[in-house]
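Hi,

Here is the structure I promised to pass on. Have a look at it first, and my notes follow below.

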Amino acid sequence: MNYDHKPSQLSDLVEALKKHGVNEALIKPLSRNNNDKNQVYCGSDFQPLYPYFGVTFDERVGSRSAKKGGKVKNRKILEAKFDQFSWLDTDGRLHPARNVKMITYPQYPETRISGFRAVDSTMPRSMSVEYTKENPDAVRYLILGRRGRGEVIAAMVVDPGQLFVDQVNVLGKAYKSRVWHELVINTTSSGKLKRLLASASSSKKIGCRLDTKGNTLPFNGTQVCGYTLEHACGIAPNSDKNGDYEGIELKAHTMPKVTLFTPEPDRGLYREDFKKFMTTYGYEKPEGVWRFTGIHRAGIQCAKSKLTLHIDNYDASKSVAQQAGNDIVVSLRDENNVLAAGWSLERMLNCWDAKHNEVVYVPATKHDCTEDRLLAEGNKYQVEFDSTVMWCKRTSID
């Protein structure tokens with residue numbers, strides 16, 4: 001099994017990655033001590049690895065540093081496992097690896113990658129500590145290609161041609177990184193989606209969706225705006241695990257307020273006794289149903305719930321990675337400082353995942369159908385999309 005690619009120029013590597021649907025990649029020149037034993041240094045922050053790639057943070061009690069020294073030993077370490085990580089061999093085959101982790105050491109701070117073995121116990125020889133001892137002057141690059149919603153297609157490059165080295169050197173640095181270069185492979189997705197959205201906003205659309213075979217079906221459910229937008233862009237529901245449109249998440253919304261994600265609290269009374277939480281901070285409707293509602297803004301008590309939103313143990317002047325060991329919690333507290341509900345940093349990180357790397361929010365208006373012909377065909381609604389959208393890129397938990 002050979003994982004060590006030796007391209008003469010960057011385009012050779014690009015072609016190998018394109019065959020597996022990679023749209024963009026991060027490239028890092030490796031130093032001698034970057035290997036399977038000492039881990040690979042990735043920078044002082046989560047970025048650019050997260051949320052560029054799909055990872056799952058450990059929500060259990062964090063690991064602790066075993067290094068000597070009062071300020072370092074027993075400090076919390078934040079670990080995240082890559083959801084999908086595969087090595088690309090020189091024959092173009094993929095070999096999944098299940099335990100590749102991104103580890104953040106907030107005491108330095110720095111982020112490293114470890115656990116490179118594939119499920120068949122193979123790994124790039126050039127990533128081993130034995131290889132780096134035997135070949136201390138070898139020129140090595142680690143390439144992490146991004147496919148779909150954050151799957152990693154990884155490749156090792158060893159002693160490439162000088163043209164490859166020169167071409168990598170002129171690449172721009174990745175967002176918020178001094179050690180990773182960014183390589184854009186597919187430059188057409190955003191442009192194509194913009195044209196499709198422009199067409200979708202040109203007129204009212206009949207509420208509909210595509211089935212898995214590409215047939216148009218009337219749709220009258222609560223998600224009519226989202227399905228109709230996907231139909232206008234040629235997207236079949238749930239047809240692509242890699243994002244709504246070539247890795248780009250697409251969201252239609254009818255209200256001024258947009259929901260980014262809906263994580264359930266993992267701290268406080270909400271988690272310990274949900275019924276007591278509702279009867280203490282919620283309100284009862286005439287029909288006997290209990291509700292908890294209200295807009296909660298940081299530092300301002302909500303009139304409905306009498307709770308105040310806080311971000312505990314957080315310093316806005318520092319990055320989240322620097323404070324990952326500080327037990328950061330987004331909390332709702334009452335007048336007696338009782339924790340009614342709380343969201344741990346790990347819970348928030350796992351909800352702010354790779355699909356938020358690029359998201360387009362499209363304002364939509366739903367209209368009742370009035371034409372007899374449309375009603376006779378089973379259509380209840382028409383949908384109109386705004387020509388101005390909110391296009392979000394490179395978002396982060398910070």
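Which residue in β24 does Thr 365 stand opposite? It is Glu 384 that faces Thr 365 there. Please keep in mind that this is a predicted model.

That pair belongs to the contact between β23 and strand β24 (residues 381–385), an antiparallel pairing with five bridges. Strand β23 (residues 358–368) also runs parallel to strand β17 (residues 249–253), again through five bridges. In that pairing, Leu 250 is the residue opposite Val 360 of β23. Val 360 also stands opposite Trp 391 in β25; β23 and strand β25 (residues 390–393) are antiparallel and share four bridges.

Now to the charged side chains. Over the whole structure, the search gives 14 salt bridges. One of them joins Glu 249 to Lys 251, with N and O 3.6 Å apart. Glu 249 is buried at 5% relative accessible area, while Lys 251 is partly exposed at 35%.

Another salt bridge links Arg 333 and Asp 312 at 3.1 Å, N to O. Arg 333 lies in strand β21 (residues 329–333) and Asp 312 in strand β20 (residues 308–312), so this pair ties together parts that are 21 residues apart in sequence. Arg 333 counts as buried at 17% relative accessibility, and Asp 312 counts as buried at 16%.

Arg 112 and Glu 110 form a salt bridge too, their closest N and O atoms being 2.6 Å apart. Arg 112 is buried, at 17% relative accessible area, and Glu 110 is buried at 16%. Finally, a network of salt bridges links Asp 89, Asp 91 and Arg 93.

Best wishes

Terms used:
Residues numbered from 1 in each chain as written. Predicted model: local features only at pLDDT ≥ 70, side-chain atom pairs only at ≥ 80, totals over all residues. Heavy atoms only, no water. Pairing = 2+ DSSP bridges. Helix = DSSP H or I, 4+ residues; strand = E, 2+ residues; numbered from the N terminus. Salt bridge = Lys/Arg side-chain N within 4 Å of Asp/Glu carboxyl O. Buried < 20%, exposed > 50% of the residue type's maximum accessible area, 1.4 Å probe, protein only.
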